[in-house]
Amino acid sequence: MTTTKPAPAEEALSDNRAKGKKRKIKTIRVPEHTVEVVSDSGEGAQKCGQIFGQVSAMMGNGTWTVEIIPAEIQPPPRTPPSASGNRIRLGTKSVSNWGDGADLVVAFNEQVLLHRHRLEGLKEGCTILIDSQWESHEDEDIRKQYAEAVEEMSGHNYRYVPFPLEEQSATIVENPKKGKNMFALGVLSWIYSRDLDRTRDLIARSFKKKAKEITEANVALLDAGFKWADENLDFKVEVPTEPSSVPRVVMNGNQAIGFGAIAAGMDLCSMYPITPATSASHHLGEIFQKFGGIVHQAEDEIAAIGVAVGASFAGKVAFTITSGPGLALKTEFIGLAVMTEVPLVIVDVQRGGPSTGLPTKIEQGDLLASIYGQPGDAPHVVMAPATMEECFLCMTTARRIAEAFRVPVMVLTDANLATGVQPFPRPDLKAEWQATPPDLSAVPEGTRAYEWDPQLGTSQRLIPGMPGGMHIATGLSHDENSKIGYSPDVHERGCQMRARKMAVFQQTLRQPEVHGAASGDLLLVGWGSTWGAIEEAVDRARAEGLAVSSLQLRFLSPMEPGLKEIFSRFKRVMTVEINYSDDPSDPFITDENRRRGQLCWLLRAQTLVDVDCWTRVPGEPLKPGQIYQAIRSHMPNGDKA
Amino acid sequence: MIDTSCSLLGCSVDEDDRYLSMADYEGAVARWCSGCGDHAVLTAVQRLLEGEQLAPEKTVFVSGIGCSSRFPHYLKTYGFHGLHGRALPVATGVKLRRPDLHVFAVMGDGDCTSIGAAHWIHTIRYNPNMVALMLDNGVYGLTKNQTSPTSPQGFPSNTQPFGAHLMPMNPISTTLGVTNASYVAQTGDWVPDHLYETIAKGFRHKGFAFIRVLQRCPQYTTAVFEEAVRNPDMIELMVHPDGINVPELEQVYKNHVYHDPADLDAGRSLAEPHGKIRLGLFYQNESLPRYEEVRQLPSHTAEEKIELLNAELDRYAV
């Protein structure tokens, strides 16, 4: 712990060294490290963490970032609910999830730190850089709160490193509340030896819409923080990087969705603002027009999908992006797109529900609503990417499936993927990923609107502009000519054809790969962004000799084949999901009335295997340590290996 | 007509030498009740299609749900018969990505002014170049006689058997109140030439042509315009060289008001109820921006897009 008074700001680094004040600096070399930056809402810890994460990824570290989001728009400062920030997990190798506890925290005050402590966000022995002003504050109440907080957090071997965050920031800017985040970034940059040029570039990019002086002030703060750390801290952390054999890019999942849509050749994103989906359209709004693409902000969620349906019907496959409440409003149009066989891509960035729920926080609660939300039988495709890279790539896949099978395709991401930043191999873009302009050649007079192949259920799409293809698409039950059907067999046949093409599509899917041994005591099944945490937990348990494996589903409807056969090789099968299920040991909960995880319901129905579930709805991603504990407690023979 | 505006189509249909008769635009046999105003609108539209010789494959009729929304089925063009209240977003999507197509939206009064009201207001503001027909019979007919926002006060229906509780909504003044209203007209099913001229002028208008067609429902609102049909004194024609001009009709309906459709304030004042039914063009302004043009961008080939996207990805490179 260092208590050295900060050197005067004007004293240059070289002078310091020249005067022989060089301290002994201990460098901790680790394969991975988890950092948190946490401040009051509005003090900018999120931006600090985002830039730190991005620079780390650019320098070649594996990274995964997760936003820590305050409970309210403007919560009172110096209170636990005000905690806002970012967790950045750094690794030498690729990082697939946010990990368990933080190894190092930069806390702007002790109350936001306390919040993270109470949520078990900090590892035993965690290093805590905390603004030194509170401990010795002139206000007695604040000193008391500080002492109480430290008392509450005692017994965890936390190592406190007070640092003059606000005091030093105030020497550079008039209002240190807006700026100390960059001082903190400078301190972190020194500890982790981050590339300052890249950091300065990212600061400039992040303030590009503001006056030049703002960027300059923020860069000055960064430099001051770096300098202060260099003169005062006695430890550094080194997370070595390994050179990557392939070029990589780094971005969050919403950016990846936007880029993926462009790579897929789509040129209309029709949306209505909703958290946490909106940032995808912010990103697209900046760049889409270069590609001839439009972000259409519709008057409401319903119109947003309506415009996308219109564009798709007219031959230009569009996509819409939303989150739970918006998905509920879009339901009728999704059914219509199924009925009229209009290709369409619908991205649902899931958040906590029901109702307004947890607007900024993660949940995997929309699975059943996505598949079964539409009245009647409305077969369509539901898929779920597990990483930022998959967010990028799945958009091309989704568009192609939509066009080949004349069907809406839903892509379920979540708040974790949307805001988390991860590096991944740079996609090798291909022209064939893109939609081709619709071929409007004439079709023979009398060509039927739904010339269903009786084996496949598929049919050629007739697009306005094609001579001879005139027909009226209708949401009413219809025959091959799109004529409204009045006989019972017309409806039966239409349902059968729309279902059949999905069965055919399912036959094109591959059996999922099992992570770990092909058979064993326990198989975990997950979907979406839980992939990395589940595999890490499985690896930990396997290293201890437990016979546990996992698999992650990307296609939820129709589902990837061969599951029953895989399940038969394990004594027990359990889903791991971020949605609600009853704890079987709770009062009144029986096997009959237990609410289960959403994938769990599907797997039970699909395979008739007695699939169990372990689910949580904390409004944050699952931690590998939690899943590891769940594995231990669900081993069929107790937790013995 | 040759469309030059379409960036999408390398294959725009060559100017063809087809001559299309009204029969060439006929779809299924119309199944509306005899005496329904929808028949008159369908005939007027078929006349327009023939008169303009619109290529059926380049014409799209989008509708919602209701009696009037069966309209596209009775034409031989492309059509999209979608959801209750949601014709306009679909039509906007078609026009936005395919400005080369002729787009018509057909709605009923419940469709447009009730469940679809948000889309009605906002589509006026988007001002896409299309014709929107609001077939207003003042009642929900398909679902058997429920009150609509335009049902006259006191009109008994199955949902308000002791008479409609509220004053009816005025769709014309509502439309005229929205930013970017560019063509606002009212006509009736019993004046076929006026109906035709109103739709034809709306089709030629560059922007969102909102046309309210007053009509009876022979089942439920027979009395609504009965007096107006019988008694010419109930009608007042708005006349102007730039308006809807049907000289023969001006002989039948002696009440005229000279109204320049460029005058929005006067149009708004004429839209207010005053005891007579006003037919004609309340407002027209072709200088307002059309959404599909506002949002039009140069298109790129797949290779160009890859190059551009790689340049973007460079900014995210590790």
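Quick housekeeping before the tour. Being a prediction, the model gives local features only at pLDDT of at least 70 and side-chain atom pairs only at pLDDT 80 or more, while totals for chains, interfaces and linings use all residues. Residues count from 1 along each chain as its sequence is written, and chains are lettered from A and ligands numbered from 1 in the order in which they are written.

Okay, the big picture. Chain A has 20 helices and 23 strands; those are DSSP runs, H or I over at least four residues for helices and E over at least two for strands, numbered from the N terminus. For 641 residues, a compact globule would come out near 26 Å in radius of gyration, and chain A, at 27 Å, agrees with that. That radius is taken over C-alpha atoms, and the globule rule is 2.2 Å times the number of residues to the power 0.38. The C-alpha atoms fill a box of roughly 90 × 60 × 50 Å along the principal axes. Of the 641 residues, 54% are buried. Buried here says that 20 or more other C-beta atoms lie within 10 Å of the residue's own, exposed says 12 or fewer, and partly exposed is in between, with C-beta atoms placed from the backbone.

The chain splits into domain 1 (13–238), domain 2 (249–428), domain 3 (441–507) and domain 4 (520–639), with bounds from an automatic or database domain assignment.

Now, how many residues does each chain bring to the A–B contact? Chain A puts in 58 residues and chain B 49, where contact is C-beta atoms, placed from the backbone, within 7 Å. On the chain A side, α11(A) gives the largest share, 9 residues. By class that side has 36 nonpolar, 15 polar and 7 charged residues. For the classes, Ala, Val, Leu, Ile, Met, Phe, Trp, Tyr, Cys and Pro are nonpolar, Asp, Glu, Lys and Arg are charged, and the others, Gly among them, are polar. There's strand pairing between the chains too: β17(A) runs parallel to β2 (residues 78–81) of chain B, over 3 bridges, and A:Thr474 has B:His81 as its bridge partner. Pairing takes at least two DSSP bridges.

Next stop, β15 (residues 408–414) of chain A. 7 of its 7 residues are buried, so the strand is largely enclosed by the rest of the structure. A:Met410 is the bridge partner of A:Ile346 and of A:Val382.

Most residues other than glycine have a negative phi, and most peptide bonds are trans. A:Gly353 and A:Pro354, though, are joined by a cis bond, omega about 5°, and A:Ser557 to A:Pro558 is cis as well, omega near -10°. A:Ser355 has a positive phi of about 55° and sits in the loop between β13 and α13 of chain A; A:Arg406, at about 50°, lies in the loop between α14 and β15 of chain A. Which of the two is buried and which exposed? A:Ser355 is exposed, with 8 other C-beta atoms within 10 Å, whereas A:Arg406 is buried, with 23.

Key:
Contact = placed C-beta atoms within 7 Å.
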